[in-house]
Amino acid sequence: MSAVSAYDLPLPVLETAGLERAEALAAFRLARAEHWLARTPMGFMLVDYRDAVAVLRDRRFHSALSLIPEMAGLEPDSYLQNRRRSILAMEGDEHARLRRLVAPAFTPAAADRLRPFMREVVSSLVDAVVGQGRCELVADICEPYPIPIICELLGAPKEDWKLFSQWATDIFRIFNQNLAVDLPAIQRASGELEAYVLSMVEERRTNPSDDLLSSLIAIEEAGDRLSSDELVMLAEAVLMAGTDTTRNQLACSVALLSEHPDQWALLAEHPELAPRAVEETMRYLGAVRGTARVASVDIEYRDVLFPAGTIVSVALAGANMDPEVFTAPDTFDITSERDALQMTFGSGIHFCMGAALARAELQEALPLLARRMPDLAPDGPVEWKPSTFGIWGPARLPLRFGSPAD
Ligand code: HEM
């Protein structure tokens, strides 16, 4: 093999844990000036758009999600090592089969059906604060927003929203880098969710309804069907992947727009700008700033050898600011038509399955908030979550605003 091993190359070192967003972007720029590849404490990192897309589309690079328990130092026989594998961690034919089977349930048309319900949920959350002229956006709007949508999607009754919210919070602890302490809560929540979904599956098998679980149960392709186990895994994946991401992205998007009052006003006046506003805020300030892959075999890419087992992080936030792909990447402009898709939903076979739903949720929320919260301004400092969080955004976003015209 002629390629040089990545481990033998003199590469810039990137240590982004603990860095503020602006510092991380500056570190990406410096590293990029030296080499397209950087060293990290875990392995290597890609910060350019084209490399990010190429590696995420290269099926020899597998999701590194299944390595989380190992990286946290958990024993191989621990609960997390043995739990049902998520779609996020599957590869090859097994993954392709599932994606093919569930694809019809996650189309833009399927997401569009929930738009009136999304507007209803955001409106009622705004109603509760609009008279006060101020709110803490994360607790008042973002946190409660996605759970009812996911419940409505799955077909769970209203009175159970709080249960789902607690399960999501507890299961998300997987990403908080404190597994030794958090494991019992994760295990309990996951067990309760599983029992709940299993009983829903039983009920829907005899009493189908107009919801995701019923359509997943009904899906059949050439005699192939989803098992109860797969249905539980998918419900958990949707709850896990679809709540904290959306609420953090909404908070990131509003935080950013609050720094650009002219664009907030424009969005209120022109709600048809919502799709572009969503793409541009996700590009500029994405709630998922990176993901990771592991080389499943020895891989040669751009004349560099990545030996099997090498971890390669993909800086989605870096790719979103790549000047080779986005003209004036530092300019935030919701009216601009960008030449490339933003990367915050990932790329390749694991590209976000809920992208259409997330887009619809954000496209409904942003113009509605802009219209009902005019003259938006900070009402104190924004508190950001620690930068080590895989799904990131404001922990607190205090805002004040004027009275809506209507
Ligand atoms: C703004 C909100 C969201 C963002 C930023 C986001 C981001 C992402 C990213 C980056 C990935 C790929 C991870 C990787 O390649 O390692 C992903 C996968 C996934 N997302 Fe989302 N997501 C969002 C909302 C949602 C919603 C609402 C749902 C559910 C309805 C969802 C369900 C999923 C699932 C199931 C996967 C795994 C797909 C697979 O592995 O094949 N996401 N998401």
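Which residues in helix H5 (residues 92-102) are buried?

A: This is a predicted model, where local features need pLDDT of at least 70, side-chain atom pairs count only at pLDDT 80 or more, and totals for chains, interfaces and linings use all residues. Residues are numbered from 1 along each chain as its sequence is written, and side-chain values use heavy atoms, with hydrogens and water left out.

Now to H5. His95, Arg97, Leu98, Leu101 and Val102 are buried there. Buried means under 20% relative accessible area, with a 1.4 Å probe and protein chains only. These residues lie on the same side of H5, because they cover an arc of only 160° around the axis. That arc is taken from the directions that run from the helix axis to the C-beta atoms.

What do they pack against? The buried residues of H5 pack against helix H12 (212-218) and helix H13 (228-258). Contact here means heavy atoms within 4.5 Å.

Next, the whole protein. Its secondary structure comes to 17 helices and 13 strands. Helices (H or I, at least four residues) and strands (E, at least two) are DSSP runs, numbered from the N terminus. Of the 406 residues, 53% are buried. Take the contacts between residues at least 6 apart in sequence: 74% of them join residues at least 24 apart. The C-alpha atoms fill a box of roughly 70 × 55 × 40 Å, taken along the principal axes.

Technical notes. Buried means under 20% relative accessible area, exposed over 50%, partly exposed in between (1.4 Å probe, protein chains only).
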